[in-house]
Amino acid sequence: MPAYLTLTRADLVKLGYSLSQASRIVKLTKEQLLKQGFGWYGKKGVDRVPVEAVDAVLGLKLSQLEGAPSGLSAVKEELS
């Protein structure tokens, strides 16, 4: 079974976003996932979203970042 990398608001803060930016990013990502038919993301308690979905919202490739300051590599280590 493939492993999927996900992010939370706290992970985005570790990447350098403010708490309000991180919350907005997660909210926008969840809205996009809902539009794609993933009803699970409509629940209030769900705050973990796939990195690829965050990539699409931000127009970045967080899933490919390595060694960025306070970057995703640190988050990857913590999540594994």
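Reader: What is the relative accessibility of R9?
Author: The model is predicted: local features need pLDDT of at least 70, side-chain atom pairs count only at pLDDT 80 or more, and totals for chains, interfaces and linings use all residues. Residues are numbered from 1 along each chain as its sequence is written, and side-chain values use heavy atoms, leaving out hydrogens and water. Buried means under 20% relative accessible area, exposed over 50%, and partly exposed in between (1.4 Å probe, protein chains only). R9 counts as partly exposed, at 25%.

Reader: Which residue meets the side chain of R9 in a salt bridge?
Author: A salt bridge needs a side-chain nitrogen of Lys or Arg within 4 Å of a carboxyl oxygen of Asp or Glu. The N to O distance here is 3.9 Å. By this rule the count comes to one salt bridge. The partner of R9 is D47.

Reader: How many residues apart in sequence are the parts that R9 and D47 tie together?
Author: Helices (H or I, at least four residues) and strands (E, at least two) are DSSP runs, numbered from the N terminus. R9 lies in helix α1 (residues 9–14) and D47 in the loop between α2 and β2 (49–50). The pair therefore links parts whose sequence separation is 38 residues.

Reader: How far is buried K30 from the nearest side chain of opposite charge?
Author: K30 is found in helix α2. K30 is buried, with a relative accessible area of 12%, yet has no salt bridge. Lys and Arg count as positive, Asp and Glu as negative; His and the chain ends are not counted. The nearest side chain of opposite charge is D47, at 7.6 Å.

Reader: Which residues does K30 contact, leaving aside neighbours within four places in sequence?
Author: Contact means heavy atoms within 4.5 Å. With those neighbours set aside, K30 touches Y41, K43, K44, V46 and V49.

Reader: Which residue just after α3 takes a positive phi?
Author: In α3 (residues 51–58), V51, A53, V54 and D55 are buried. Just after this helix, a positive phi of about 75 degrees is taken by G59.
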